[in-house]
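Me: I would like to go through this model and ask what stands behind each label put on it. Please set the values against the criteria and conclude from there.

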Amino acid sequence: MKKTITVAHSPDADDIFMFMAIHFGWVGNHFNYKNTALDIQTLNEFALKNEFDASAISFGLYPLIAKEYALLRTAVSFGQGYGPKLIKKKNSRLKRNFKVALSGANTTNALIFRMKYPEAKIIYKNFLDIENSVLSGEVDAGVLIHESILDFNQNLCVEAEIWDIWLELARENLPLPLGGMALRRSLPLNDAIEIEKDLTLAVKIADSNRKIIAPMLLERNLIRVDKEKLDTYLNLYANKNSISMNEIQFKAIDTLFRLGYDYKFYDKIINVNDYLIPSEYKQARNS
């Protein structure tokens with residue numbers, strides 16, 4: 001009987017797209033994968049409790065769970081000239097201590113926001129409720145994530161791009177690390193290596209077959225955008241750079257972790273290469 005591996009990811013279009021092959025059993029001969037879709041802050045909170053075997057997380061969370069979870073190289077989302085947006089009502093001005101709605105305390109966008117706006121008064125909301133919170137006047141501003149960045153109410157405008165803040169803080173043109181995948185360390189190493197291979201293959205299948213898989217998302221009403229916006233969104237966040245991280249992406253994550261330490265959000269600096277699955281282990285053992 002196959003071992004069941006719980007895989008948690010967000011309900012936004014890029015995660016669903018990348019894990020369709022897992023959901024339909026197109027990959028994985030050794031394991032029975034069970035998908036769960038939850039909003040990103042809920043996933044972050046469950047990761048802090050060591051709830052799922054494999055889970056999508058915000059990169060900003062990772063140093064807080066590094067003892068319990070390894071960081072996977074696959075199913076990652078980075079911004080390159082784009083990312084979450086700080087929005088407000090048109091013709092309004094934000095005070096230094098403006099009230100803002102963020103999608104969760106441990107999200108990457110919240111981490112970067114807090115570095116830039118230390119005096120802002122923060123409330124945390126489900127990412128789907130942030131736009132209406134600004135429109136209703138409950139908050140002065142909010143940070144939109146996921147598909148919300150593509151289309152929001154015409155009475156709102158962009159105050160700042162998290163991408164621009166990231167460049168200012170990083171002092172280098174690096175991709176913005178938003179979300180990745182973490183795998184429970186208590187799993188046997190051989191299993192961990194196979195799981196990373198399966199998840200990597202799932203993302204590769206999605207990228208190679210987007211003309212087949214993307215319409216499936218629309219037909220099953222799994223997403224909140226139309227075909228045109230779906231194509232745009234997947235090109236941004238679920239692309240060839242999502243299959244397996246490269247050295248520039250590793251450098252960007254290390255920069256995020258260093259900034260988090262400098263701003264006292266983490267108690268030590270960690271290097272991403274020390275927290276990856278050692279995939280070379282199985283090859284060395286079998287040689």
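Me: Which helices and strands each supply at least two residues of the lining of the largest cavity?

Reply: The model is a predicted one. Helix 1 (13-18), helix 4 (108-116) and helix 9 (227-237) do, as do strand 3 (54-58) and strand 11 (176-184). The lining has 25 residues, and Ile40, Ser77, His146, Leu178 and Gly179 are those nearest the centre of the cavity.

Me: What makes this space a cavity, and what is its volume?

Reply: A space is called a cavity because a 1.4 Å probe fits in it but cannot get out. The volume of the largest cavity is about 310 Å³. With a threshold of 30 Å³ or more, the count comes to one cavity.

Me: How is the lining of the largest cavity divided by class?

Reply: There are 12 nonpolar, 10 polar and three charged residues.

Me: What makes up the lining of the second largest pocket, and how do its classes follow?

Reply: Pro63, Leu64, Ala66, Lys67, Tyr266, Asp267, Lys268, Ile270 and Tyr275 line this pocket, whose volume is about 150 Å³. Asp and Lys count as charged, while Pro, Leu, Ala, Tyr and Ile count as nonpolar. The lining therefore has six nonpolar, three charged and no polar residues.

Me: How do you know how the span of helix 7 stands against the expected one?

Reply: Helix 7 covers residues 189-208, which is 20 residues, and reaches 28 Å from its first C-alpha to its last. At 1.5 Å a residue the expected span is 28 Å, and the span found is close to that.

Me: Which residues of helix 7 are called buried, and why?

Reply: They are Asp191, Ala192, Ile193, Glu194, Ile195, Glu196, Asp198, Leu199, Ala202, Val203, Ala206 and Asp207. They are called buried because each has under 20% relative accessible area.

Me: Why is Arg171 called exposed?

Reply: Its relative accessible area is 77%, and exposed means over 50%, so Arg171 qualifies. Arg171 is found in the loop between helix 6 (162-170) and strand 11. Arg171 also has a positive phi of about 60°, although it is not a glycine. Most residues other than glycine have a negative phi.

Me: Where does Lys264 lie, and why does it count as exposed?

Reply: Lys264 lies in the loop between helix 10 (247-262) and helix 11 (280-286). At 73% relative accessibility against a cut-off of over 50%, Lys264 therefore counts as exposed. Phi of Lys264 is positive as well, near 70°.

Me: What makes strand 1 a partner of strand 2 and of strand 3?

Reply: Pairing needs at least two bridges. Seven bridges join strand 1 (residues 3-9) to strand 2 (residues 31-37), and two join strand 1 to strand 3, so both pairs qualify. The strands run parallel in the pair with strand 2 and in the pair with strand 3. Thr6 has Lys34 in strand 2 as its bridge partner, and Val7 has Ala54 in strand 3.

Me: Why are strand 8 and strand 10 called edge strands?

Reply: The open sheet of five strands has the order 8-7-9-6-10, with mixed pairing. Strand 8 (121-124) and strand 10 (156-161) each pair on one side only.

Methods. Residues are numbered from 1 along each chain as its sequence is written. This is a predicted model: local features need pLDDT of at least 70, side-chain atom pairs count only at pLDDT 80 or more; totals for chains, interfaces and linings use all residues. Side-chain values use heavy atoms; hydrogens and water are left out. Helices (H or I, at least four residues) and strands (E, at least two) are DSSP runs, numbered from the N terminus. The expected span of a helix is 1.5 Å times one less than its number of residues. Buried means under 20% relative accessible area, exposed over 50%, partly exposed in between (1.4 Å probe, protein chains only). On a 1 Å grid over the protein atoms alone, a cavity is a set of points where a 1.4 Å probe fits but cannot get out, and a pocket is an open set with protein on both sides within 12 Å along at least five of seven lines; lining residues have an atom within 4 Å of a point. Grid points are joined across faces, edges and corners, and a volume is the space filled by probe spheres set on the points.
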